[in-house]
Amino acid sequence: MTDQLKTLDFSNEKQIKVARILFEQARPLLLEFDMNWQLVDLQGDATRFGFDLDNAELGTRQLQDLFLGLPLDERFDLPFVEMPNGRSAHVHLLGADDGFQILLLDAQAEHARQQAQQQVGNEAALVSDQKTKAISQLRKIRSELEQQRTRLEEANALKNALIATLSHDFRTPLTSIFGYLHLLEEVPGQSTATEHGLRALRRNANYLFTLAENLLEYARADTRSSLLAPTAVDLDGLVEDLRGMFEPMAVDQGLRFSIELEQIDAISPMLDELRVRQILVNLISNAIRYTVTGGVVARLVWKDASLSIEIIDSGIGIAEEFQEKIFVAFSRISQAPGGGAGLGLSIVKRLVKQMLGTLKLESTLGQGSCFRVVLPNSQQSVVEKASLSAKSLLAASGRNRSVLVVDDDPDIAYLLEALLTDLEFEVRVVGDATAAVESALADPPDILLVDVELPGLSGNTAVFRLRAKGYSGYVLTLSATPTEEARKVAINAGADAYLTKPIHIESFTQAMLRAARGR
(Lines give C-alpha, C1' and ligand atoms only; values in the text may rest on other atoms or scores of the structure.)
Protein backbone atom coordinates (compact mmCIF):
# COMPACT_ATOMS: atom_id res chain seq x y z
CA MET A 1 0.00 0.00 0.00
CA THR A 2 2.86 2.40 0.87
CA ASP A 3 4.54 1.82 -2.48
CA GLN A 4 1.28 2.47 -4.28
CA LEU A 5 1.03 5.92 -2.60
CA LYS A 6 4.44 7.11 -3.66
CA THR A 7 3.38 8.32 -7.12
CA LEU A 8 0.08 8.93 -8.87
CA ASP A 9 0.07 7.74 -12.43
CA PHE A 10 -3.24 8.78 -13.99
CA SER A 11 -4.27 7.69 -17.42
CA ASN A 12 -5.55 10.33 -19.81
CA GLU A 13 -9.11 9.31 -19.07
CA LYS A 14 -8.55 9.64 -15.33
CA GLN A 15 -6.80 12.96 -15.78
CA ILE A 16 -9.77 14.28 -17.71
CA LYS A 17 -12.16 13.06 -14.98
CA VAL A 18 -10.10 14.65 -12.19
CA ALA A 19 -9.74 17.86 -14.19
CA ARG A 20 -13.49 18.02 -14.72
CA ILE A 21 -14.15 17.65 -10.93
CA LEU A 22 -11.60 20.33 -10.08
CA PHE A 23 -12.95 22.61 -12.79
CA GLU A 24 -16.51 22.24 -11.50
CA GLN A 25 -15.40 23.04 -7.94
CA ALA A 26 -13.04 25.93 -8.73
CA ARG A 27 -15.01 27.48 -11.66
CA PRO A 28 -11.79 29.22 -12.88
CA LEU A 29 -11.65 32.56 -14.65
CA LEU A 30 -8.44 33.24 -16.61
CA LEU A 31 -7.67 36.84 -17.58
CA GLU A 32 -4.75 37.70 -19.91
CA PHE A 33 -3.19 41.17 -19.83
CA ASP A 34 -0.32 42.87 -21.62
CA MET A 35 2.31 44.68 -19.63
CA ASN A 36 0.19 47.82 -19.63
CA TRP A 37 -2.76 46.06 -17.97
CA GLN A 38 -4.78 45.99 -21.10
CA LEU A 39 -7.18 43.01 -21.16
CA VAL A 40 -6.19 40.74 -24.02
CA ASP A 41 -8.31 37.63 -23.40
CA LEU A 42 -10.83 36.22 -20.90
CA GLN A 43 -11.79 32.58 -20.42
CA GLY A 44 -14.35 31.37 -17.86
CA ASP A 45 -17.42 32.63 -15.98
CA ALA A 46 -16.66 36.33 -15.42
CA THR A 47 -20.03 37.09 -13.80
CA ARG A 48 -19.39 34.51 -11.03
CA PHE A 49 -16.67 36.75 -9.68
CA GLY A 50 -18.49 40.01 -10.37
CA PHE A 51 -16.29 40.90 -13.32
CA ASP A 52 -18.35 43.17 -15.61
CA LEU A 53 -17.48 42.65 -19.28
CA ASP A 54 -19.21 45.90 -20.20
CA ASN A 55 -17.03 47.79 -17.75
CA ALA A 56 -13.79 45.82 -17.98
CA GLU A 57 -11.71 48.86 -17.09
CA LEU A 58 -13.24 49.00 -13.55
CA GLY A 59 -12.59 45.30 -12.94
CA THR A 60 -9.05 45.69 -14.22
CA ARG A 61 -8.31 48.55 -11.80
CA GLN A 62 -9.59 46.45 -8.89
CA LEU A 63 -7.26 43.59 -9.85
CA GLN A 64 -4.40 46.03 -10.50
CA ASP A 65 -4.75 47.38 -6.93
CA LEU A 66 -4.14 43.88 -5.61
CA PHE A 67 -0.71 43.64 -7.20
CA LEU A 68 0.32 47.27 -6.87
CA GLY A 69 4.11 47.51 -6.59
CA LEU A 70 4.69 43.80 -7.29
CA PRO A 71 6.76 42.58 -10.31
CA LEU A 72 4.42 41.20 -12.95
CA ASP A 73 6.84 38.62 -14.28
CA GLU A 74 6.80 36.49 -11.13
CA ARG A 75 4.18 34.26 -9.56
CA PHE A 76 2.09 35.45 -6.62
CA ASP A 77 -0.85 33.81 -4.85
CA LEU A 78 -3.44 35.77 -2.86
CA PRO A 79 -5.87 33.51 -0.94
CA PHE A 80 -9.44 34.42 -0.05
CA VAL A 81 -9.74 37.75 -1.82
CA GLU A 82 -13.20 39.28 -1.61
CA MET A 83 -14.45 40.02 -5.12
CA PRO A 84 -16.78 42.94 -6.06
CA ASN A 85 -19.86 40.70 -5.70
CA GLY A 86 -18.78 39.50 -2.23
CA ARG A 87 -17.56 36.05 -3.22
CA SER A 88 -14.21 34.73 -2.05
CA ALA A 89 -11.59 33.74 -4.61
CA HIS A 90 -8.01 32.60 -4.74
CA VAL A 91 -6.14 35.02 -7.05
CA HIS A 92 -2.98 33.81 -8.80
CA LEU A 93 -0.58 36.04 -10.83
CA LEU A 94 1.15 34.06 -13.57
CA GLY A 95 3.98 35.64 -15.58
CA ALA A 96 4.11 35.30 -19.41
CA ASP A 97 6.49 36.26 -22.26
CA ASP A 98 4.59 39.29 -23.58
CA GLY A 99 2.37 40.02 -20.55
CA PHE A 100 0.85 38.14 -17.59
CA GLN A 101 -2.21 36.18 -16.57
CA ILE A 102 -4.50 36.37 -13.56
CA LEU A 103 -6.29 33.18 -12.55
CA LEU A 104 -9.34 33.38 -10.26
CA LEU A 105 -10.47 30.21 -8.48
CA ASP A 106 -13.75 30.07 -6.54
CA ALA A 107 -12.96 29.79 -2.79
CA GLN A 108 -16.43 30.52 -1.41
CA ALA A 109 -17.09 27.01 -0.09
CA GLU A 110 -13.59 26.70 1.35
CA HIS A 111 -13.93 30.14 2.93
CA ALA A 112 -17.25 29.13 4.49
CA ARG A 113 -15.66 25.95 5.85
CA GLN A 114 -12.80 27.87 7.36
CA GLN A 115 -15.17 30.39 8.86
CA ALA A 116 -17.21 27.55 10.31
CA GLN A 117 -14.06 25.97 11.73
CA GLN A 118 -13.00 29.32 13.11
CA GLN A 119 -16.44 29.74 14.66
CA VAL A 120 -16.15 26.29 16.21
CA GLY A 121 -12.71 27.22 17.50
CA ASN A 122 -14.01 30.49 18.88
CA GLU A 123 -16.92 28.74 20.53
CA ALA A 124 -14.57 26.11 21.97
CA ALA A 125 -12.35 28.86 23.32
CA LEU A 126 -15.42 30.62 24.74
CA VAL A 127 -16.66 27.40 26.33
CA SER A 128 -13.21 26.78 27.77
CA ASP A 129 -13.13 30.32 29.13
CA GLN A 130 -16.63 29.92 30.58
CA LYS A 131 -15.66 26.55 32.06
CA THR A 132 -12.62 28.14 33.69
CA LYS A 133 -14.77 30.96 35.06
CA ALA A 134 -17.42 28.46 36.25
CA ILE A 135 -14.79 26.36 38.03
CA SER A 136 -13.40 29.51 39.63
CA GLN A 137 -16.91 30.56 40.67
CA LEU A 138 -17.65 27.09 42.09
CA ARG A 139 -14.43 27.21 44.09
CA LYS A 140 -15.43 30.61 45.40
CA ILE A 141 -18.93 29.35 46.29
CA ARG A 142 -17.46 26.27 47.98
CA SER A 143 -15.10 28.49 49.96
CA GLU A 144 -18.00 30.75 50.99
CA LEU A 145 -20.13 27.70 51.96
CA GLU A 146 -17.24 26.36 54.02
CA GLN A 147 -16.93 29.71 55.76
CA GLN A 148 -20.70 29.76 56.37
CA ARG A 149 -20.57 26.20 57.73
CA THR A 150 -17.76 27.22 60.08
CA ARG A 151 -19.75 30.27 61.20
CA LEU A 152 -22.86 28.10 61.73
CA GLU A 153 -20.86 25.61 63.77
CA GLU A 154 -19.47 28.44 65.87
CA ALA A 155 -22.96 29.92 66.25
CA ASN A 156 -24.34 26.49 67.23
CA ALA A 157 -21.56 26.05 69.78
CA LEU A 158 -22.34 29.50 71.19
CA LYS A 159 -26.06 28.61 71.25
CA ASN A 160 -25.34 25.42 73.17
CA ALA A 161 -23.14 27.32 75.61
CA LEU A 162 -25.87 29.93 76.01
CA ILE A 163 -28.49 27.25 76.64
CA ALA A 164 -26.30 25.62 79.26
CA THR A 165 -25.72 29.00 80.92
CA LEU A 166 -29.40 29.96 80.80
CA SER A 167 -30.43 26.58 82.15
CA HIS A 168 -28.05 27.01 85.08
CA ASP A 169 -28.97 30.67 85.63
CA PHE A 170 -32.71 29.90 85.62
CA ARG A 171 -32.67 26.72 87.62
CA THR A 172 -30.24 27.67 90.37
CA PRO A 173 -32.21 30.68 91.73
CA LEU A 174 -35.46 28.76 91.29
CA THR A 175 -33.98 26.05 93.51
CA SER A 176 -33.69 28.67 96.25
CA ILE A 177 -37.21 30.01 95.60
CA PHE A 178 -38.91 26.61 95.67
CA GLY A 179 -36.78 25.31 98.53
CA TYR A 180 -37.32 28.24 100.84
CA LEU A 181 -41.02 28.29 99.93
CA HIS A 182 -41.14 24.70 101.14
CA LEU A 183 -39.48 25.65 104.42
CA LEU A 184 -41.88 28.55 104.89
CA GLU A 185 -44.89 26.38 104.07
CA GLU A 186 -43.79 23.90 106.75
CA VAL A 187 -43.88 26.54 109.48
CA PRO A 188 -46.92 25.76 111.71
CA GLY A 189 -49.55 28.23 112.83
CA GLN A 190 -49.48 30.55 109.84
CA SER A 191 -52.28 33.02 109.16
CA THR A 192 -54.67 32.55 106.24
CA ALA A 193 -53.19 35.60 104.50
CA THR A 194 -49.66 34.17 104.78
CA GLU A 195 -50.75 30.81 103.42
CA HIS A 196 -52.55 32.56 100.55
CA GLY A 197 -49.43 34.61 99.79
CA LEU A 198 -47.15 31.57 99.82
CA ARG A 199 -49.50 29.70 97.48
CA ALA A 200 -49.51 32.69 95.12
CA LEU A 201 -45.70 32.81 95.19
CA ARG A 202 -45.41 29.10 94.40
CA ARG A 203 -48.07 29.29 91.68
CA ASN A 204 -46.34 32.18 89.91
CA ALA A 205 -42.88 30.70 90.38
CA ASN A 206 -44.18 27.53 88.73
CA TYR A 207 -45.61 29.59 85.88
CA LEU A 208 -42.35 31.47 85.29
CA PHE A 209 -40.42 28.22 85.45
CA THR A 210 -42.74 26.66 82.88
CA LEU A 211 -42.28 29.61 80.50
CA ALA A 212 -38.50 29.46 80.89
CA GLU A 213 -38.52 25.71 80.32
CA ASN A 214 -40.53 26.21 77.12
CA LEU A 215 -37.76 28.33 75.61
CA LEU A 216 -34.98 26.06 76.85
CA GLU A 217 -36.86 22.95 75.72
CA TYR A 218 -37.15 24.31 72.20
CA ALA A 219 -33.56 25.53 72.02
CA ARG A 220 -31.89 22.37 73.29
CA ALA A 221 -34.09 19.92 71.32
CA ASP A 222 -31.71 19.71 68.32
CA THR A 223 -28.66 18.84 70.37
CA ARG A 224 -29.58 17.12 73.64
CA SER A 225 -32.41 14.99 74.88
CA SER A 226 -34.26 16.24 77.95
CA LEU A 227 -34.10 14.09 81.03
CA LEU A 228 -37.41 13.01 82.55
CA ALA A 229 -37.72 13.11 86.34
CA PRO A 230 -40.82 11.12 87.41
CA THR A 231 -42.19 11.93 90.85
CA ALA A 232 -45.45 11.35 92.69
CA VAL A 233 -47.73 14.10 91.35
CA ASP A 234 -50.15 15.77 93.71
CA LEU A 235 -53.03 16.21 91.27
CA ASP A 236 -55.14 18.19 93.76
CA GLY A 237 -52.34 20.67 94.29
CA LEU A 238 -51.66 20.83 90.55
CA VAL A 239 -55.31 21.57 89.79
CA GLU A 240 -55.44 24.29 92.48
CA ASP A 241 -52.31 25.91 91.05
CA LEU A 242 -53.77 25.92 87.54
CA ARG A 243 -57.10 27.27 88.79
CA GLY A 244 -55.34 30.09 90.63
CA MET A 245 -53.19 30.81 87.58
CA PHE A 246 -55.84 30.91 84.84
CA GLU A 247 -59.13 31.80 86.52
CA PRO A 248 -58.19 35.51 86.94
CA MET A 249 -56.91 35.60 83.35
CA ALA A 250 -60.20 34.19 82.03
CA VAL A 251 -62.30 36.55 84.14
CA ASP A 252 -60.34 39.54 82.79
CA GLN A 253 -61.34 38.45 79.27
CA GLY A 254 -64.98 37.89 80.22
CA LEU A 255 -64.68 34.10 79.91
CA ARG A 256 -65.76 31.18 82.07
CA PHE A 257 -63.00 28.86 83.25
CA SER A 258 -63.32 25.56 85.08
CA ILE A 259 -60.91 22.77 85.81
CA GLU A 260 -62.16 19.33 86.90
CA LEU A 261 -60.28 16.40 88.41
CA GLU A 262 -61.46 12.78 88.65
CA GLN A 263 -59.13 10.39 90.51
CA ILE A 264 -60.21 6.78 90.12
CA ASP A 265 -56.87 5.05 90.85
CA ALA A 266 -55.94 5.16 94.55
CA ILE A 267 -52.18 5.63 94.11
CA SER A 268 -50.66 8.90 92.95
CA PRO A 269 -49.39 9.07 89.36
CA MET A 270 -45.63 8.89 88.83
CA LEU A 271 -44.92 11.47 86.12
CA ASP A 272 -42.50 14.27 85.40
CA GLU A 273 -44.53 16.99 87.12
CA LEU A 274 -42.68 19.85 85.39
CA ARG A 275 -43.47 18.40 81.95
CA VAL A 276 -47.11 17.81 82.91
CA ARG A 277 -47.32 21.44 84.05
CA GLN A 278 -45.73 22.61 80.79
CA ILE A 279 -48.29 20.68 78.76
CA LEU A 280 -51.24 21.99 80.77
CA VAL A 281 -50.03 25.59 80.92
CA ASN A 282 -49.42 25.71 77.17
CA LEU A 283 -52.76 24.13 76.26
CA ILE A 284 -54.85 26.19 78.68
CA SER A 285 -53.13 29.52 77.90
CA ASN A 286 -53.59 28.85 74.17
CA ALA A 287 -57.28 28.05 74.68
CA ILE A 288 -57.89 31.28 76.62
CA ARG A 289 -55.88 33.34 74.13
CA TYR A 290 -57.95 32.19 71.14
CA THR A 291 -61.37 32.27 72.83
CA VAL A 292 -63.41 35.48 72.54
CA THR A 293 -66.74 34.40 74.04
CA GLY A 294 -67.88 31.43 76.09
CA GLY A 295 -65.27 29.64 78.12
CA VAL A 296 -62.57 27.01 78.60
CA VAL A 297 -62.90 23.69 80.41
CA ALA A 298 -59.95 21.57 81.55
CA ARG A 299 -60.58 17.96 82.62
CA LEU A 300 -58.05 15.62 84.22
CA VAL A 301 -58.82 11.94 84.80
CA TRP A 302 -56.39 9.59 86.60
CA LYS A 303 -57.52 6.09 85.72
CA ASP A 304 -55.95 2.77 84.71
CA ALA A 305 -52.43 4.08 85.33
CA SER A 306 -52.89 6.87 82.78
CA LEU A 307 -53.51 10.58 83.13
CA SER A 308 -56.04 11.79 80.56
CA ILE A 309 -56.24 15.51 79.83
CA GLU A 310 -58.92 17.34 77.85
CA ILE A 311 -58.80 21.08 77.14
CA ILE A 312 -62.05 22.25 75.52
CA ASP A 313 -62.72 25.81 74.36
CA SER A 314 -65.45 27.69 72.49
CA GLY A 315 -62.92 29.76 70.59
CA ILE A 316 -62.23 30.52 66.93
CA GLY A 317 -61.43 26.92 66.06
CA ILE A 318 -58.75 25.73 63.67
CA ALA A 319 -59.35 25.12 59.97
CA GLU A 320 -58.49 21.61 58.81
CA GLU A 321 -55.60 22.80 56.62
CA PHE A 322 -53.89 24.31 59.70
CA GLN A 323 -54.38 21.42 62.13
CA GLU A 324 -51.00 19.85 61.34
CA LYS A 325 -49.11 23.12 60.92
CA ILE A 326 -49.92 24.46 64.40
CA PHE A 327 -47.65 21.79 65.94
CA VAL A 328 -44.65 23.12 63.99
CA ALA A 329 -42.46 25.61 65.86
CA PHE A 330 -43.18 29.29 65.15
CA SER A 331 -46.31 28.46 63.13
CA ARG A 332 -49.31 30.71 63.80
CA ILE A 333 -52.71 30.11 62.26
CA SER A 334 -53.64 32.87 59.82
CA GLN A 335 -57.20 33.36 61.12
CA ALA A 336 -55.98 34.05 64.66
CA PRO A 337 -56.24 37.67 65.85
CA GLY A 338 -52.68 38.09 67.18
CA GLY A 339 -51.23 35.32 69.36
CA GLY A 340 -47.95 34.12 70.81
CA ALA A 341 -44.64 33.12 69.33
CA GLY A 342 -45.92 29.79 68.05
CA LEU A 343 -43.78 27.62 70.35
CA GLY A 344 -46.32 26.25 72.84
CA LEU A 345 -48.04 23.54 70.79
CA SER A 346 -44.79 22.32 69.21
CA ILE A 347 -43.36 21.86 72.71
CA VAL A 348 -46.56 20.11 73.87
CA LYS A 349 -46.22 17.63 71.01
CA ARG A 350 -42.55 17.04 71.79
CA LEU A 351 -43.14 16.52 75.51
CA VAL A 352 -46.09 14.16 74.98
CA LYS A 353 -43.96 12.07 72.62
CA GLN A 354 -41.07 12.09 75.09
CA MET A 355 -43.40 10.82 77.82
CA LEU A 356 -44.70 8.06 75.49
CA GLY A 357 -48.16 9.61 75.43
CA THR A 358 -50.68 10.48 72.73
CA LEU A 359 -51.99 13.84 71.51
CA LYS A 360 -55.16 14.38 69.47
CA LEU A 361 -56.94 17.47 68.20
CA GLU A 362 -60.59 17.92 67.22
CA SER A 363 -61.57 21.36 65.98
CA THR A 364 -64.25 23.07 63.91
CA LEU A 365 -63.66 26.52 62.51
CA GLY A 366 -65.79 29.06 64.37
CA GLN A 367 -66.97 26.56 67.01
CA GLY A 368 -63.94 25.73 69.14
CA SER A 369 -61.30 23.06 69.74
CA CYS A 370 -60.60 20.07 71.96
CA PHE A 371 -57.06 18.84 72.71
CA ARG A 372 -56.81 15.34 74.21
CA VAL A 373 -53.62 14.08 75.84
CA VAL A 374 -53.02 10.67 77.46
CA LEU A 375 -49.88 10.17 79.55
CA PRO A 376 -49.03 6.67 80.81
CA ASN A 377 -47.74 6.26 84.35
CA SER A 378 -43.96 6.11 84.64
CA GLN A 379 -43.86 3.84 87.69
CA GLN A 380 -46.46 1.37 89.00
CA SER A 381 -45.84 1.62 92.73
CA VAL A 382 -47.26 3.23 95.82
CA VAL A 383 -45.17 6.20 96.91
CA GLU A 384 -44.35 6.40 100.59
CA LYS A 385 -44.25 9.64 102.53
CA ALA A 386 -40.56 10.02 101.92
CA SER A 387 -39.60 12.34 104.74
CA LEU A 388 -41.20 10.11 107.36
CA SER A 389 -39.60 7.02 105.81
CA ALA A 390 -36.20 8.63 105.86
CA LYS A 391 -36.54 9.68 109.49
CA SER A 392 -37.79 6.23 110.45
CA LEU A 393 -34.88 4.56 108.69
CA LEU A 394 -32.33 6.82 110.31
CA ALA A 395 -33.87 6.24 113.71
CA ALA A 396 -33.85 2.47 113.18
CA SER A 397 -30.19 2.50 112.11
CA GLY A 398 -29.14 3.64 115.58
CA ARG A 399 -26.99 6.50 114.32
CA ASN A 400 -27.22 9.59 112.17
CA ARG A 401 -25.70 9.35 108.73
CA SER A 402 -23.24 12.05 107.66
CA VAL A 403 -23.58 14.15 104.53
CA LEU A 404 -20.97 16.41 102.89
CA VAL A 405 -22.71 19.15 100.89
CA VAL A 406 -20.61 20.78 98.14
CA ASP A 407 -22.14 23.91 96.61
CA ASP A 408 -20.68 27.36 95.94
CA ASP A 409 -24.07 29.13 96.19
CA PRO A 410 -24.54 30.00 99.89
CA ASP A 411 -28.34 30.16 99.51
CA ILE A 412 -28.49 26.65 98.03
CA ALA A 413 -25.97 25.34 100.55
CA TYR A 414 -27.99 26.71 103.48
CA LEU A 415 -31.22 25.33 102.00
CA LEU A 416 -29.73 21.84 101.59
CA GLU A 417 -28.31 21.98 105.09
CA ALA A 418 -31.74 22.92 106.48
CA LEU A 419 -33.56 20.17 104.55
CA LEU A 420 -31.02 17.51 105.54
CA THR A 421 -30.92 18.60 109.16
CA ASP A 422 -34.70 18.30 109.26
CA LEU A 423 -34.27 14.73 108.01
CA GLU A 424 -31.83 14.17 110.92
CA PHE A 425 -28.65 13.87 108.86
CA GLU A 426 -25.33 15.14 110.18
CA VAL A 427 -24.33 17.84 107.70
CA ARG A 428 -21.16 19.71 106.89
CA VAL A 429 -20.79 22.14 103.99
CA VAL A 430 -17.88 23.19 101.74
CA GLY A 431 -17.98 25.68 98.90
CA ASP A 432 -15.57 24.29 96.29
CA ALA A 433 -14.55 20.94 94.82
CA THR A 434 -10.89 21.01 95.90
CA ALA A 435 -11.84 21.52 99.53
CA ALA A 436 -14.49 18.81 99.13
CA VAL A 437 -11.91 16.26 97.95
CA GLU A 438 -9.64 17.06 100.91
CA SER A 439 -12.51 16.95 103.41
CA ALA A 440 -13.97 13.69 102.04
CA LEU A 441 -10.58 11.96 102.15
CA ALA A 442 -9.78 13.23 105.64
CA ASP A 443 -13.19 12.34 107.09
CA PRO A 444 -15.22 10.25 104.58
CA PRO A 445 -18.95 11.06 104.75
CA ASP A 446 -21.61 8.41 104.26
CA ILE A 447 -23.15 10.54 101.47
CA LEU A 448 -21.56 13.12 99.20
CA LEU A 449 -24.05 15.66 97.83
CA VAL A 450 -22.19 17.64 95.16
CA ASP A 451 -23.16 20.30 92.61
CA VAL A 452 -21.74 19.80 89.10
CA GLU A 453 -21.32 23.46 88.17
CA LEU A 454 -18.59 24.63 90.55
CA PRO A 455 -15.86 27.25 90.01
CA GLY A 456 -12.51 25.77 89.12
CA LEU A 457 -12.70 22.02 89.61
CA SER A 458 -16.12 20.67 88.53
CA GLY A 459 -18.22 18.41 90.70
CA ASN A 460 -17.83 15.52 88.25
CA THR A 461 -14.03 15.84 88.34
CA ALA A 462 -14.07 15.91 92.13
CA VAL A 463 -16.16 12.71 92.23
CA PHE A 464 -13.84 11.02 89.72
CA ARG A 465 -10.78 11.88 91.84
CA LEU A 466 -12.44 10.67 95.03
CA ARG A 467 -13.42 7.35 93.43
CA ALA A 468 -9.86 6.98 92.12
CA LYS A 469 -8.53 7.48 95.69
CA GLY A 470 -10.88 4.84 97.10
CA TYR A 471 -13.88 6.80 98.37
CA SER A 472 -16.79 4.33 98.53
CA GLY A 473 -19.61 6.42 99.97
CA TYR A 474 -22.87 7.21 98.18
CA VAL A 475 -22.59 10.11 95.71
CA LEU A 476 -25.62 12.18 94.76
CA THR A 477 -24.96 14.76 92.02
CA LEU A 478 -27.01 17.96 91.60
CA SER A 479 -27.09 19.82 88.29
CA ALA A 480 -29.04 22.53 86.47
CA THR A 481 -28.64 20.61 83.19
CA PRO A 482 -31.69 18.35 82.71
CA THR A 483 -30.37 16.11 79.92
CA GLU A 484 -29.66 12.43 79.55
CA GLU A 485 -26.14 13.23 78.30
CA ALA A 486 -25.35 15.22 81.47
CA ARG A 487 -26.69 12.38 83.63
CA LYS A 488 -24.48 9.83 81.84
CA VAL A 489 -21.40 12.01 82.33
CA ALA A 490 -22.10 12.25 86.07
CA ILE A 491 -22.74 8.51 86.43
CA ASN A 492 -19.58 7.68 84.44
CA ALA A 493 -17.60 9.98 86.74
CA GLY A 494 -18.73 7.86 89.70
CA ALA A 495 -22.06 9.26 90.90
CA ASP A 496 -24.76 6.88 92.15
CA ALA A 497 -27.69 9.22 91.37
CA TYR A 498 -28.36 12.42 89.46
CA LEU A 499 -30.92 15.08 90.42
CA THR A 500 -31.74 18.24 88.50
CA LYS A 501 -32.44 21.73 89.76
CA PRO A 502 -34.77 23.18 90.85
CA ILE A 503 -35.02 20.50 93.51
CA HIS A 504 -38.37 18.80 93.84
CA ILE A 505 -38.60 18.27 97.59
CA GLU A 506 -40.25 14.86 97.45
CA SER A 507 -37.80 13.60 94.79
CA PHE A 508 -34.89 14.93 96.81
CA THR A 509 -36.15 13.26 99.99
CA GLN A 510 -36.70 9.97 98.17
CA ALA A 511 -33.15 10.18 96.78
CA MET A 512 -31.73 10.78 100.26
CA LEU A 513 -33.79 7.84 101.55
CA ARG A 514 -32.18 5.59 98.91
CA ALA A 515 -28.77 7.05 99.75
CA ALA A 516 -29.30 6.35 103.46
CA ARG A 517 -30.13 2.73 102.62
CA GLY A 518 -26.92 2.42 100.63
CA ARG A 519 -26.43 1.34 97.06
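Author: Start with Lys501. In this predicted model, its side chain makes a polar contact with the side chain of Asp451, at 3.2 Å. A polar contact is a pair of N or O atoms within 3.5 Å; within protein, one must be able to donate a hydrogen and the other to accept it, and residues adjacent in sequence count only if both atoms are side-chain atoms.

Where is Lys501 found? Lys501 lies in the loop between strand 17 (497-500) and helix 13 (505-517). Helices (H or I, at least four residues) and strands (E, at least two) are DSSP runs, numbered from the N terminus. Is Lys501 buried or exposed? Lys501 counts as buried, because its relative accessibility is 0%. Buried means under 20% relative accessible area, exposed means over 50%, and partly exposed is in between (1.4 Å probe, protein chains only).

Which residues touch Lys501, leaving aside its neighbours within four places in sequence? They are Arg171, Thr172, Thr175, Asp407, Asp451, Leu478, Ser479 and Ala480. Contact here means heavy atoms within 4.5 Å.

Now step along the chain. The peptide bond from Lys501 to Pro502 is cis, with omega near -5 degrees. Pro502 also lies in the loop between strand 17 and helix 13. Most peptide bonds are trans, and most residues other than glycine have a negative phi.

Phe80 is not a glycine, yet has a positive phi of about 50 degrees. Phe80 is in strand 3 (residues 76-82). Phe80 counts as partly exposed, because its relative accessibility is 25%. Leu356 is not a glycine either, and its phi is positive at about 65 degrees. Leu356 lies in the loop between helix 7 and strand 11 (358-364). With a relative accessible area of 69%, Leu356 is exposed.

Next, charged pairs. Side chains of opposite charge can pair when their charged atoms come close. A salt bridge is a side-chain nitrogen of Lys or Arg within 4 Å of a carboxyl oxygen of Asp or Glu. How many salt bridges does a search of the whole structure find? The search finds 19.

Take Asp106 and Arg48. Their side chains meet in a salt bridge, 2.7 Å from N to O. Asp106 lies in strand 5 (residues 99-106) and Arg48 in the loop between strand 2 (39-44) and helix 2 (56-66), so the pair ties together parts 58 residues apart in sequence. Asp106 is buried, with a relative accessible area of 13%. Arg48 counts as partly exposed, at 23% relative accessibility.

Glu310 and Arg372 also meet in a salt bridge, 2.8 Å from N to O. This pair links distant parts of the chain: Glu310 is in strand 10 and Arg372 in strand 12, 62 residues apart. Glu310 is partly exposed at 22% relative accessibility. Arg372 is partly exposed too, with a relative accessible area of 30%. Both belong to a network of salt bridges that links Glu260, Arg299, Glu310, Glu362 and Arg372.

Arg467 forms a salt bridge with Asp496, the closest N and O atoms being 2.9 Å apart. Arg467 lies in helix 11 (residues 459-468) and Asp496 in the loop between helix 12 (484-493) and strand 17, so the pair ties together parts 29 residues apart in sequence.

Now look at the nonpolar side. A nonpolar core is a set of buried Ala, Val, Leu, Ile, Met, Phe, Trp, Tyr and Cys residues joined through side-chain atoms within 4.5 Å. The largest such core has 42 residues, and Ile279, Ile311 and Leu375 have the most contacts inside it. Elements giving two or more residues to this core include helix 5 (235-252), helix 6 (273-289) and strand 10 (306-313). Helix 6 gives the most, with 8 residues. Ile311 has contacts beyond its neighbours within four places in sequence, among them Leu280, Val297 and Phe371. A second, separate core of 23 residues includes Leu423, Leu476, Ala511 and Ala515.

Two notes on reading these values. Residues are numbered from 1 along each chain as its sequence is written, and side-chain values use heavy atoms, with hydrogens and water left out. Because the model is predicted, local features need pLDDT of at least 70 and side-chain atom pairs count only at pLDDT 80 or more, while totals for chains, interfaces and linings use all residues.
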